Amino acid sequence: MADDFNTESMLDMYLFENGQLLEQLQETVLEQKDAECFDEDSINEIFRTMHTIKGSSGIMMFDNITAVSHKLEDVFYYLRESHPDNVPHVELVEHVLEVEDFISNEMEKIRSGDPVDGDATNIIADLDKFLNMIKNGGVPAEGNAPPENVHEEPKHFYIAPVATSASRFYKIFITFFPETEMANVHAYKTVYALKEIAEDILYSPEDILTDEKSGEAIIKDGFRILLQAQCTEQEVRDLIGVGYDIEKVEVYECDANQFLLGFEFGDSEPAPQIDLESSVEVIEAKQEETQKAAEEEKKPEKPQIVPGDFVIQSKEPGKQKKLAKDKPKGEKASFISVNVSKMDQLMDLIGELVISESVVLQNSDLKVPGLNLDNFNKAAAQLATISTDLQNVIMSMRMVPLTNTFQKMNRIVFDVSRKLGKDIEFVMVGDTTEVDKNIIEHISDPLMHLVRNAVDHGIETNEERVHSGKLEKGKVTLSARTEAGKVWICVEDNGQGLDREKILAKARKQGILEDSKPDAAYTDKEVYQFITLPGFSTNEQVTEYSGRGVGMDVVVQNIQAIGGALEIESSPGAGSTMSLKIPLTLAIIDGIVMEVGTSSFVMETGVIKQFIRVKEDMMVHEPNGDEFVMIRGECFPVLRLGKWYGLEEYQESVEDGVMLILEVEDRKVCLLVDKLVGEQEIVVKPIPSYIKKVKGLSGCTQLGDGSIALILDAPGLVE
């Protein structure tokens with residue numbers, strides 16, 4: 001059957017939906033990893049998650065994923081139904097995360113086109129052993145091991161009806177949200193779930209896999225199922241469930257005769273309203289009364305009401321449940337998933353639009369003396385407003401919260417601390433801070449290294465903390481905040497801090513220090529930056545997580561690649577703070593264009609506090625060549641941009657140039673340039689890789705006249 005229809009779109013949907021479910025699963029588990037046990041809501045949520053993944057994986061024929069999710073579902077089914085005591089919580093958390101890792105790895109294989117061939121035998125055996133243990137009251141089972149779990153696929157979608165006295169019959173009507181994509185696949189997932197309990201099952205439309213257009217019919221008319229099974233109505237509802245795709249599930253219990261009528265429906269007149277909590281006999285009696293009343297009035301006889309004519313109307317507080325027909329569907333916020341590559345392409349087009357706008361508005365043909373441009377300027381202003389709004393909308397679409405990235409770090413702390421035998425608390429602050437999608441992709445690896453270092457290097461062992469008078473439990477805090485167009489992400493620990501003398505000794509051994517410069521001449525900040533050099537590590541032993549001298553240099557390289565910086569603060573015995581300062585976005589910024597000699601530069605407006613012209617008598621010249629300027633009683637260091645980069649034909653006199661007061665955190669500097677050109681929206685482009693990294697530059701851009709301007713990096717100039 002798999003060859004009869006295109007599975008590519010189904011595969012994309014499978015990966016997207018299960019990826020979302022796995023992220024939610026990991027978040028739920030890590031939130032309660034330090035609790036005594038999972039609460040009832042979490043148990044139900046994990047059960048539903050694994051049930052959904054099992055069903056969709058079975059449809060896609062990924063047998064190993066289906067088997068391992070089915071076994072974990074068995075564990076949480078037992079927890080939900082039996083409420084056992086003495087369940088080892090931490091061990092259960094590890095089992096769930098192990099399953100999550102396995103499924104995630106298999107999904108990565110699917111994305112890359114590799115065979116889905118992971119062996120889940122050991123995981124299933126461990127889960128079997130764990131399940132058997134909790135069934136025995138928390139005591140490991142003795143004797144023969146439990147039989148190996150084998151997930152057998154049902155051979156057919158339809159099971160021949162074999163009704164018994166215990167059989168019950170149901171008419172099920174499912175309403176999907178209007179924005180649900182591939183509703184036919186979601187409908188089949190429901191059928192797949194019900195097959196486990198079905199003695200007989202029929203559904204309409206029946207060609208949900210072979211006909212892609214059936215999804216449109218399901219959205220419009222709903223999905224109908226006839227079910228024969230030995231179960232209660234609530235068990236049916238639990239198996240189907242209401243989620244982000246299913247808006248409403250309506251279940252009507254009927255008798256065998258009505259079941260055999262199949263999907264025959266009456267006319268379009270409203271069906272009678274019946275109390276759902278009444279017995280079947282009462283419902284049938286009311287139906288007969290309605291038919292007799294119709295005959296007495298000598299009206300044309302209506303067709304007999306059949307199960308398909310009734311739908312359930314939701315029970316309101318304080319009112320009984322009713323049956324109604326054709327109830328309008330409630331509205332729900334509409335969402336659509338978009339491939340990130342398409343968003344990147346759209347962002348590039350917006351950037352080209354901004355450049356083209358600058359080319360048009362700054363065209364030399366418009367500078368003809370006496371030319372009346374009133375109408376043109378009005379149209380240009382309208383165009384600028386629209387392009388700015390368009391940029392803001394596109395940027396908001398690309399902005400995503402750091403929550404998922406932070407949760408991954410939570411997982412790292414849990415795994416590493418368990419293996420190292422350290423008791424560590426992980427705290428997240430500001431995880432809802434939103435940044436550009438591309439930024440998140442660049443900071444995941446740096447954050448992983450910083451968090452691992454905090455757990456391995458920073459936090460002492462439990463015995464060492466007790467011996468030094470600290471709380472036995474270590475703490476790692478991951479925080480994020482936005483400030484002046486930048487995002488600050490800090491990894492803070494309350495461990496032992498950095499050892500200045502140990503770092504200096506290692507640096508001198510590796511020949512990093514200057515022979516003529518004493519150790520005392522190095523500031524703490526300079527010393528701490530040594531740990532970011534390639535091959536530098538103070539760990540005496542190589543472990544699984546550190547000691548090879550790699551990691552911190554990777555952090556710096558990745559952060560610098562997106563125009564960011566790493567700052568290190570540490571207090572001996574109190575802990576360390578590693579701060580990543582990164583741009584909010586890599587796309588478009590507001591900048592001030594300036595000229596120095598024949599070169600053009602751009603500075604982000606957020607760091608410029610003031611423009612000022614100064615007189616020569618305001619300058620202070622030091623014997624070593626350093627310059628300062630006194631402005632309103634405050635002394636600022638002066639940086640001549642032309643001299644800094646060795647340019648030609650720049651203005652040497654401060655009275656002929658313009659001073660820009662730059663402020664980065666609590667540091668200020670006056671930047672001397674020849675003249676200001678104006679404010680402009682700047683499309684940030686990276687400096688080509690074949691050009692050597694230059695301090696104080698973060699990128700380049702194209703101006704309206706087609707020339708290239710270099711984008712200045714304020715932190716690099718202020719340092």
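**Close-up views of a predicted model**

**View 1**
With a relative accessible area of 8%, Arg411 counts as buried (buried is under 20%, exposed over 50%, partly exposed in between, using a 1.4 Å probe and protein chains only). This is a predicted model, where local features need pLDDT of at least 70 and side-chain atom pairs count only at pLDDT 80 or more, while totals for chains, interfaces and linings use all residues. Residues are numbered from 1 along each chain as its sequence is written, and side-chain values use heavy atoms, leaving out hydrogens and water. Look for Asp415, which forms a salt bridge with Arg411; their closest N and O atoms are 3.0 Å apart. (A salt bridge is a side-chain nitrogen of Lys or Arg within 4 Å of a carboxyl oxygen of Asp or Glu.) Both Asp415 and Arg411 lie in helix 13, four residues apart, or about one turn of the helix. (Helices, H or I with at least four residues, and strands, E with at least two, are DSSP runs numbered from the N terminus.) Asp415 is partly exposed, at 28% relative accessible area.

**View 1. Arg168 and Glu253 link distant parts of the chain.**
The structure holds 21 salt bridges, and the one shown here joins Arg168 to Glu253, with 3.0 Å between the closest N and O atoms. Arg168 belongs to strand 1 (residues 168–176) and Glu253 to strand 4 (residues 246–254), so that the pair links parts of the chain 85 residues apart. Arg168 is partly exposed at 29% relative accessible area, and Glu253 is also partly exposed, at 23%.

Arg465 has a relative accessibility of 2%, which makes it buried.

**View 2. Asp423 belongs to a patch of negative charge on the surface.**
Asp423 gathers here with Glu463, Glu464 and Glu472. (Patches are made of residues with over 30% relative accessible area and no salt bridge, with like charges joined within 9 Å.) To find Asp423, follow the loop between helix 13 (403–420) and strand 8 (424–429). Asp423 counts as partly exposed because its relative accessibility is 35%.

A disulfide is a covalent bond between the sulfur atoms of two cysteines. Counting pairs of cysteine sulfur atoms within 2.5 Å gives zero disulfides. Cys635 is in no disulfide, and the nearest cysteine sulfur, in Cys670, is 9.1 Å away. Seen from Cys670, the closest cysteine sulfur is that of Cys635, and their separation of 9.1 Å is too far for a bond. Cys635 is partly exposed, with 41% relative accessibility, whereas Cys670 is buried at 0%.

Tyr14 sits in helix 1 (residues 8–31). Is Tyr14 buried or exposed? Tyr14 is buried, at 4% relative accessible area. Met60 is 46 residues from Tyr14 in sequence, and the two are 8.2 Å apart in space, C-alpha to C-alpha.

How values were computed. Patches are made of residues with over 30% relative accessible area and no salt bridge: like charges are joined within 9 Å, nonpolar side chains (Val, Leu, Ile, Met, Phe, Trp, Tyr) within 5 Å. Accessible areas come from the Shrake-Rupley method with a 1.4 Å probe; for residues, only the protein chains shown count as cover. Lys and Arg count as positive and Asp and Glu as negative; His and the chain ends are not counted. The place of a charge is taken as NZ of Lys, CZ of Arg, CG of Asp or CD of Glu.
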